[in-house]
Amino acid sequence: MDHTEHTPPVNGRGYGNGTVDPRSANACAGSRVKETLAVFRQDIVRDMFVQFFSEEGLSCRTAENSEHALSILADPQANIGVALLEHMLEMPLSGVLTPESHLEHTRWIIDRFREARPDLKIIVVSSFTEPDLIVSFMRMGACDFQKWPCNLVELIPKIRAALAV
């Protein structure tokens with residue numbers, strides 16, 4: 001499913017692709033709505049974020065890998081304020097599957113995101129919740145961490161807070 005094309009508004013609040021209808025009360029007069037970029041491997045996960053965020057009046061775009069995410073971030077028309085980044089998104093550059101190689105690859109992705117958008121807020125999502133790993137994500141530049149599977153009700157305030165800064 002391509003989330004770059006607008007589909008009819010859902011519940012009168014947003015488009016099926018997660019972008020907010022600019023005529024709605026959720027869009028600020030004179031400014032563009034900040035979007036969230038959900039970067040996850042699986043279509044079903046990306047679609048879940050789009051649907052849930054749309055229902056909450058938030059705008060969401062998706063990318064299936066770091067290359068696609070970087071192309072979105074490079075687009076000056078994209079008003080991305082927050083990226084939800086799946087830890088272990090893709091095969092590490094080294095081609096070796098170890099916790100350390102995935103951590104280094106996550107660092108590489110965060111660095112590329114920061115180069116593209118220095119003010120981007122990044123929330124890393126992972127099923128690994130070891131305190132040392134979470135601290136590593138924060139030291140890499142993530143503004144927050146979310147355990148997978150996500151409690152979407154708890155995630156929404158984190159997204160709203162990151163977008164407000």
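Is glutamate 56 buried, partly exposed or exposed, and what is its relative accessible area? Glutamate 56 is partly exposed, with a relative accessible area of 32%. Here, buried means under 20% relative accessible area, exposed means over 50%, and partly exposed lies in between (1.4 Å probe, protein chains only).

The model is predicted: local features need pLDDT of at least 70, side-chain atom pairs count only at pLDDT 80 or more, and totals for chains, interfaces and linings use all residues. Residues are numbered from 1 along each chain as its sequence is written, and side-chain values use heavy atoms, with hydrogens and water left out.

Six salt bridges are present. A salt bridge is a side-chain nitrogen of Lys or Arg within 4 Å of a carboxyl oxygen of Asp or Glu. One of them pairs glutamate 56 with arginine 160, with 3.8 Å between the closest N and O atoms. Glutamate 56 sits in the loop between α1 and β4 (59-63) and arginine 160 in helix α5, so the bridge ties together parts 104 residues apart in sequence. Helices (H or I, at least four residues) and strands (E, at least two) are DSSP runs, numbered from the N terminus. Arginine 160 is partly exposed, at 37% relative accessibility.

Glutamate 86 bridges to arginine 41, the closest N and O atoms being 2.7 Å apart. Strand β5 holds glutamate 86, and the loop between β3 and α1 (43-55) holds arginine 41, so this pair ties together parts 45 residues apart in sequence. Glutamate 86 is buried at 13% relative accessibility, whereas arginine 41 is partly exposed at 48%.

The largest nonpolar core has 23 residues. Such a core is a set of buried Ala, Val, Leu, Ile, Met, Phe, Trp, Tyr and Cys residues joined through side-chain atoms within 4.5 Å. Leu37, Val39, Leu85, Phe113, Ile122 and Phe137 touch the most other members. At least two residues each come from β3 (35-39), α2 (66-74), β5 (80-86), α3 (99-116), β6 (121-126) and α4 (131-140). The largest share, four residues, comes from α3. A second, separate core of 20 residues includes Leu58, Val82, Val125 and Leu152.

Tryptophan 148 and proline 149 are joined by a cis peptide bond, with omega about 0°. Proline 149 lies in the loop between β7 (144-147) and α5 (152-164). Cysteine 150 is buried, with a relative accessible area of 15%. Cysteine 143 is partly exposed at 37% relative accessibility. The disulfide count is zero, a disulfide being a pair of cysteine sulfur atoms within 2.5 Å.
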